[in-house]
Amino acid sequence: MGKKVIDIVKLRKIAIICWLISIPLNFIGRLIYGFNIFFYLGIFFLFLFVIITLFFWKCPNCKVRLPFQINFETEVYDYVLCPHCEIKVEDGEIIE
Ligand SMILES: [Zn+2]
């Protein structure tokens, strides 16, 4: 059993989903003049993405911020490897 930590992999997935939702909403919002709910919802989801990434996307062991880029080839994995202290985080647990 590893040490229990915040499930950053799940949070990261939620953040990416927020980011993916914000793109079409912002695009639709740009086509409409004046007040429109699409634009504000798009900003809201983009804001959620930024907040989750800034506050939670860091190594639960050494607290160093993890790489920021979105890479769909590696994001499919269900674990994170910290490039600094080289621990593995999976399902909210640190696996040495
Ligand atoms: Zn680390």
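Select residues 8-31, helix α1, and residues 37-56, helix α2. In this predicted model, their axes come within 7 Å and cross at roughly 155°. The cut-off for roughly antiparallel is over 145 degrees, so α1 runs roughly antiparallel to α2. The crossing of α1 past α2 is left-handed.

Now show the side chains of the contact. On α1, pick Ile8, Leu11, Ile14, Ala15, Cys18, Trp19, Ile21, Ser22, Leu25, Asn26, Ile28 and Gly29. On α2, pick Phe38, Phe39, Leu41, Gly42, Phe45, Leu46, Leu48, Phe49, Ile52, Thr53 and Phe56. Colour them by class. The contact residues divide into 18 nonpolar and 5 polar, with no charged ones.

Stay with the helices and bring in the record. Which residues does the UniProt annotation "transmembrane region" cover? The unreviewed entry gives residues 12-32 and 38-57. Select residues 12-32: this span is 95% helix and 0% strand. Its end C-alpha atoms lie 31 Å apart. Next, select residues 38-57. Here the chain is 95% helix and 0% strand, with 27 Å between the end C-alpha atoms.

Move to the sheet. It is open, built from 4 strands in the order β1-β4-β3-β2, with antiparallel pairing. Select residues 3-4 for β1 and 79-81 for β2. These are the edge strands, and each pairs on one side only.

Finish with residues 88-90, strand β3, and residues 93-95, strand β4. The two pair in the antiparallel sense over 3 bridges. Zoom in on lysine 88: opposite stands isoleucine 95 in β4.

Notes:
Residues numbered from 1 in each chain as written. Predicted model: local features only at pLDDT ≥ 70, side-chain atom pairs only at ≥ 80, totals over all residues. Axes fitted to C-alpha atoms, helices over the stretch in contact; angles between N-to-C directions. Parallel < 35°, antiparallel > 145°, perpendicular 65-115°, else oblique. Left-handed = near helix turned anticlockwise from the far one by under 90°. Contact = placed C-beta atoms within 7 Å. Nonpolar A, V, L, I, M, F, W, Y, C, P; charged D, E, K, R; others polar. Pairing = 2+ DSSP bridges. UniProt positions renumbered as here; feature names shortened; annotations may be inferred.
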